[in-house]
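Trainee: Before we look at the details, could you take me through the terms one by one and set each value against its definition?

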Amino acid sequence: MNQSAITVTNLNKVYKLYRKPSDRLRDALGLGRKKLYTELHALKDVSFTIGQGETVGIIGTNGSGKSTILKIITGVVNPTSGRVDVNGRISALLELGAGFNQEYTGIENIYLNGTMMGFSRQEIDARMESILKFADIGDFVNQPVKTYSSGMFVRLAFALAINIDPEILIVDEALSVGDVSFQAKCYHKFEEFKQQGKTILFVSHDLGSIAKYCDRVILLNKGDLVAQGGPKEIVDLYKQLLVNYGDDTEEGLPEEDGRTEPSGTEETGAEKKGSAFLPLQADTLEYGEGQAHIAGIRVFDDQGRMTNTIDKGSAFRIEMTVRFLQPVHDPIFAYTIKNAQGTELTGTNTMLEGVPTGEMLPGSAVTVTFRQNMSLQGGAYLLSFGCTGYQDGEFRVFHRLYDAVDLRVVSSKNTVGFYDMDSDVTLEISGRRAGSEAETASPETETEARTGEDGK
């Protein structure tokens with residue numbers, strides 16, 4: 001078994017929250033007769049071990065304690081109780097600004113951080129070219145970092161973190177602010193580190209990267225360690241947490257069902273059937289004439305679990321439940337998917353699909369199900385919904401919900417553009433390639449080199 005690189009034992013972290021600064025001062029001086037603060041338990045008796053050479057991801061909802069545990073491991077924050085044992089030299093990239101003097105130039109901050117990590121000026125000089133080449137921020141390296149964009153800042157910080165020859169690399173969500181090409185370069189460096197047998201611990205909301213690069217994943221929720229295990233198993237469990245939905249028998253899972261209750265009247269039988277509705281986005285745009293009301297939305301993955309996180313290439317279904325307040329003939333039910341920039345990428349409706357809907361009477365409810373495979377690239381999207389139709393020859397909008405539900409697509413392999421053509425790639429090689437291993441390989445070995453491990 002690999003020797004442990006990081007061992008976390010019964011870790012607890014409690015923050016004191018004061019209503020006003022004077023309460024903090026009075027408490028520090030021991031002047032208060034009663035407790036002047038409330039306690040926030042950021043971590044609750046958390047224990048785990050990370051072996052040398054492992055790449056481990058930590059995921060969880062906001063406020064679950066992910067960043068807190070990284071700060072404790074790196075020594076930025078002290079635990080309330082418990083202990084952390086680290087075997088190896090750590091390099092950490094935490095939130096933007098950590099360890100940098102805003103008034104210093106990029107070059108000056110490189111020397112400052114290198115010195116804090118125990119390197120001499122000569123050792124930093126020997127690494128300087130590699131740091132500057134990876135950061136690739138040009139003459140800005142001679143400007144105060146307070147003038148940097150967040151992207152330039154993280155470029156310099158990550159370049160410094162990986163070029164001091166760490167044995168353990170710890171990265172918080174900071175990489176998410178970089179541009180796509182820089183993120184690809186960073187993850188390529190992750191691959192190099194893995195091949196060198198170095199340990200990587202990182203926090204990310206990018207479930208595709210978690211699934212692709214991690215050997216193991218730790219799931220936190222509200223300070224508790226819910227589970228740890230293989231990426232697919234833990235990501236599936238995290239999907240349930242994202243919508244506050246899950247089996248009550250699962251330890252650590254919340255019991256709230258995340259329901260978005262329709263306003264106005266009691267639920268009908270159609271609305272009560274099945275799982276709870278997904279919560280709507282706070283800034284959902286809602287309008288319509290009121291003949292119908294979209295009572296709730298559900299999205300289910302290929303395992304039948306309600307979630308807003310879908311694996312790329314898998315089957316999934318979208319359900320919308322609509323309650324009718326007035327008689328409507330042949331209503332049209334629709335959904336669309338937009339990217340974060342607001343571009344409509346795809347969608348359909350019952351009229352385009354040639355599905356007759358018939359007469360809807362007041363008090364009736366219908367659940368419309370759209371089934372399809374997920375071909376969009378990994379990323380964050382928004383779902384919009386509508387119930388429309390024609391009355392007296394005029395097009396009417398009965399009810400619409402724009403940007404109603406956040407949809408996340410998890411992918412370990414993205415292609416170019418918005419969606420994946422699911423191409424099957426083969427090579428046909430005539431003759432021999434100069435300098436290739438195939439020059440001395442057997443025919444069987446050459447076939448494996450052309451087709452890959454799976455024989456495609």
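Mentor: Of the 456 residues of the protein, 44% count as buried, where buried means under 20% relative accessible area with a 1.4 Å probe and protein chains only. This is a predicted model, in which local features need pLDDT of at least 70 and side-chain atom pairs count only at pLDDT 80 or more, while totals for chains, interfaces and linings use all residues. Residues are numbered from 1 along each chain as its sequence is written, and side-chain values use heavy atoms, with hydrogens and water left out.

Trainee: What makes the void in this protein a cavity, and how many of 30 Å³ or more are there?

Mentor: A cavity is a set of points, on a 1 Å grid over the protein atoms alone, where a 1.4 Å probe fits but cannot get out; the volume is the space filled by probe spheres set on the points, which are joined across faces, edges and corners.

Trainee: Which residues line the largest cavity?

Mentor: The lining, meaning residues with an atom within 4 Å of a point, consists of I110, G114, F119, I124, R127, I131, L160 and I164. Helix 4 (121-135) and helix 3 (106-116) each give two or more residues, and helix 4 gives the most, with three.

Notes: Buried means under 20% relative accessible area, exposed over 50%, partly exposed in between (1.4 Å probe, protein chains only). On a 1 Å grid over the protein atoms alone, a cavity is a set of points where a 1.4 Å probe fits but cannot get out, and a pocket is an open set with protein on both sides within 12 Å along at least five of seven lines; lining residues have an atom within 4 Å of a point. Helices (H or I, at least four residues) and strands (E, at least two) are DSSP runs, numbered from the N terminus.
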